[in-house]
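User: Hello! Could you take a close look at one spot in this model for me, and then relate the rest of the fold to it in one connected account?

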Amino acid sequence: DSWLRFPSWLSSASSIGDSAAADGSMTSQEQAKREEVRLCGEVLKLFHGGVMLLDEVDLLLDPLRSELNWPLGRRYPLDMTGPGGHGSRRRPRQSHGLRYTLPFDLLDAIFAAATGCLEIAPSAGRRDAQAALGALAETIKEGRRELKLQVAPHLVLLSREFYLQEMMPRMADWAAVLIEEHLEGGLSLADLRALLRHPSPDASMRQLLRSMSQHARKVLNLTLHWLHSLLPYLLSKIHRVSYGLLTGHDLEVACHDKTTPLSRKILAVPFVGKDTPSASSEFSHPDVTIGFTILAYRLNGLRERDVITLLKVLLDEMRSESTQHYHRRAACKAYVDMVIKAGGTVRGFTEDGRWIGDIKDDEQRKRSESMSKVPSQQSLSSAGEAFENDDRSRDVWPLELLDLADHEQTRLVFDVLRHSPTAVRHLLEHHAFLAGTLDRNDMQLTASGQELAGQQLFGQCLGFSGTPNDLLPKSMGACVYAEGDDGKVLQALSCIQTVSLRELGAWSPLGVLDAVAKARSPDGKR
């Protein structure tokens, strides 16, 4: 435990100064920390004179399987996520939230092209945006035919080369529409598309980029990073295998554990296997965290706890607009909009989201006449009753009349909004990404498993493994393979005294495992 606290203690101990130690002005806590640092130094000196023995060295030294990130210093909001921030007193208004709204719109294009459902992106109505989406949809169909993409359990990228050559140019056209207004007229749409596709500008383009504002260059860098690096990485991972949200028992345990950070409860976390989240790890890269969180909510849907949080956020926003009538308030309009887009209706509002008080008399009369023509309850067929019951199950109370303590009301809203992209976006942009979960520290110490074999700890390191693997630190030299091992393995597998031949006929993986488990030697002893 002392070793885990060593980095921060070393920082505080070095800032105390020798003068404070000499005149005895240190507090008892500072003296204890200074003594801990001294003892850790003695232990480290002992390690330097020893030899480290590592079993299963290929697993221990794999930098992708063992990584430690230790944040230090003050925490600041991530750039382009909100007002204020480290290094600048004021940020351009148009940059607020772009760090997560841009990936949301980029991934929305992927979902739209794969499923044909586009619900969110505000620029989707433009002709050039529709052309980009149509081309992307055709590219995804081609990728499925060529087995470069898989659609089960969801769209998964199988070939990075296919993405860079075929999908990325289509995504660049879509991204150009999204960020054009953020560049303040610095680039034409054609030049922007070309730059996003091939980020190797000539001399004249470099000069033009230098003349652009800092905000515009930030937007360009962020977009290029997403198009060329982050998107192919995120799309190659499988939901609930490599990443996902905490659900069920895992979520309950996290909520009852006071030491669990809020980010693990509401953002995506790494998974170590199918439906098995890591015990305490989180993604260290903020943009990877944002991307996986958006994908996890879109693929998993909102949890009941998330819908309650969303309603609380909306109610707080509604109460802050106390001078407006309820149906005029932005929060109530947002609530009605997400319910209507999810296929539900709000009492007191029409099927297209208009408040009934705003409907003209002629239209109200026509609506009343059409409703009076509905057959009576006695003449309804069983199919009609089922349809009416289903229709009533999508009819929710208006926001101002919702009682969060009423489980029946909240469950009805959950059933309607669970898979609503609009509801997911409102929750993430108004709560999850603004609750301090994306804040970053001034400094961070980073290490991987390969540090174990470096000279920082031990003077000499020896590793053993039964798996052939050359992924070793340079300080350990080349891997030395035991001579004759491969031959012995082949000899054992081809020896009739060790193995026997059995024709299975029709077989399945489970049947093969069952046959191996039940196999016995001829004498029956083993």
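Is L147 buried or exposed, and what is its relative accessible area?

Analyst: L147 is exposed, with a relative accessible area of 65%; here buried means under 20%, exposed over 50% and partly exposed in between, using a 1.4 Å probe and protein chains only. Bear in mind that this is a predicted model, in which local features need pLDDT of at least 70 and side-chain atom pairs count only at pLDDT 80 or more, while totals for chains, interfaces and linings use all residues. Residues are numbered from 1 along each chain as its sequence is written, and side-chain values use heavy atoms, with hydrogens and water left out.

L147 sits in the loop between α6 (127-145) and β3. Its backbone deserves a look too, as L147 has a positive phi of about 60° although it is not a glycine. M80 belongs to the loop between β2 (67-76) and α5, and with a relative accessible area of 4% M80 is buried.

P153 lies in the loop between β3 and β4, and the peptide bond leading from A152 to P153 is cis, with omega near 0°. H154 is also in this loop, between β3 (149-150) and β4 (156-157). At 10% relative accessibility, H154 counts as buried. Setting aside residues up to four places away in sequence, H154 touches K237, I238, H239, Y243 and L299, where contact means heavy atoms within 4.5 Å. H154 and F111 are 43 residues apart along the chain, with their C-alpha atoms separated by 9.8 Å.

The protein has 526 residues, of which 37% count as buried, and it contains 21 helices and eleven strands. These elements are DSSP runs, numbered from the N terminus: helices are H or I with at least four residues, strands E with at least two. Among contacts between residues at least 6 apart in sequence, 67% join residues at least 24 apart.

Y100 is in helix α5 (residues 98-115) and F433 in the loop between α19 and β10 (440-448), so the pair ties together parts 333 residues apart in sequence. Y100 and F433 are both buried. Y243, the residue touched by H154, forms a stacked pair with F292, at 4.3 Å centre to centre and 25° between the planes. Since Y243 lies in strand β5 (residues 243-244) and F292 in helix α13 (residues 286-300), this pair links parts that are 49 residues apart in sequence. Both of these residues, Y243 and F292, are buried, and together with Y233 and F283 they form one aromatic cluster.

Helix α14 (residues 304-319) packs on helix α19 (residues 421-430) at an angle of about 70°, with the axes 10 Å apart. Axes are lines fitted to C-alpha atoms over the stretch in contact, and angles run from 0 to 180 degrees between N-to-C directions. α14 and α19 are therefore roughly perpendicular, the class for 65 to 115 degrees. From α14, the residues D306, T309, L310, V313, L314 and E317 make the contact, and from α19 A423, H426, L427 and H430. By class, this contact has five nonpolar, three polar and two charged residues; Ala, Val, Leu, Ile, Met, Phe, Trp, Tyr, Cys and Pro count as nonpolar, Asp, Glu, Lys and Arg as charged, and the others, Gly among them, as polar.

α14 also meets helix α15 (residues 330-341): their axes come within 8 Å and cross at roughly 145°. Here L310, L311, L314, E317 and M318 of α14 face A331, C332, Y335 and M338 of α15, a set of eight nonpolar, no polar and one charged. E400, in the loop between β9 (395-396) and α18 (407-417), is in contact with M318, Y326 and C332, leaving aside neighbours within four places in sequence. E400 is partly exposed, at 29% relative accessible area.

Methods. Parallel < 35°, antiparallel > 145°, perpendicular 65-115°, else oblique. Phe/Tyr/Trp six-rings, centres within 6.5 Å; stacked < 30°, edge-to-face > 60°.
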